Amino acid sequence: MTRILFVCLGNICRSPMAEYLCRHLAAERGLSQIAIASAGTSGWHNGEDMHHGTRAVLQGLGIDAGGFCSSQVQAADLHHYSHIIAMDDDNLAALQRLFGGAHAHVFKITDLVPELGYDHVPDPWYSGDFDETRRILSAACAALLDGLQQVE
Ligand code: 4NP
């Protein structure tokens with residue numbers, strides 16, 4: 001079974017958007033054997049709901065944004081997930097510290113969509129641009145699912 005974990009800093013803006021978008025896209029494609037979750041490297045917002053900007057984007061796409069609870073990535077996640085996907089280089093470095101080095105299934109999401117010209121997903125917590133986040137994550141999640149369907 002494919003198990004995907006999206007990771008950002010706070011787990012309230014980018015990675016929850018990736019989680020809910022990707023789950024929605026997977027369901028649209030009839031892909032049922034994929035488990036999708038998200039977590040933050042910091043743990044700063046543990047137990048909180050997603051940011052209202054992320055919720056607004058999801059609701060604008062007709063995606064139910066209910067049931068979210070922010071959490072922190074754990075060392076044991078390395079072996080639980082088949083894909084651990086960071087939003088930026090800081091997230092990736094934090095994961096490599098936590099996991100004790102680099103691992104092939106731990107990578108940066110923008111590597112899936114080099115044609116977009118981004119080397120990270122800018123953080124809307126600072127930029128306020130949740131629509132930019134949506135554009136990058138929609139393309140990246142589609143590319144991720146394309147890749148998974150090719151190896152099916
Ligand atoms: P995220 O954004 O990593 O995309 O969830 C942030 C959320 C919260 C903070 C920073 C970034 N913060 O400083 O609390």
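This is a predicted model: local features need pLDDT of at least 70, side-chain atom pairs count only at pLDDT 80 or more; totals for chains, interfaces and linings use all residues.
## Strand β1 and its partners

Let's start with β1, which spans residues 2–8. Of its 7 residues, 6 are buried, so the strand is mostly covered. On one pairing, β1 runs parallel to β2 (residues 34–40), with 7 bridges between the two. If you want a spot to look at, find Arg3, which sits opposite Ala35 of β2. To get from β1 to β2, the chain passes through helix α1 (residues 14–28), and this β-α-β crossover is right-handed.

β1 also pairs with β3 (residues 83–86), again in the parallel sense, and here 4 bridges join the strands.

Now for α2, which covers residues 52–60. Its buried residues include Gly53, Thr54, Val57 and Leu58. Why do these four belong to the same side of α2? Because they span an arc of only 135° around the axis.

What do the buried residues of α2 pack against? Their partners are α1 and α6 (130–150). On the face turned away from that buried side, you'll find the exposed residues His52, Gln59 and Gly60.

Note on methods
Residues are numbered from 1 along each chain as its sequence is written. Side-chain values use heavy atoms; hydrogens and water are left out. Buried means under 20% relative accessible area, exposed over 50%, partly exposed in between (1.4 Å probe, protein chains only). Two strands pair if DSSP finds at least two bridges between them. A crossover is right-handed if, with the strands pointing away from the viewer, the path from the first strand over the helix to the second runs clockwise. The arc is that of the directions from the helix axis to the C-beta atoms. Contact means heavy atoms within 4.5 Å.
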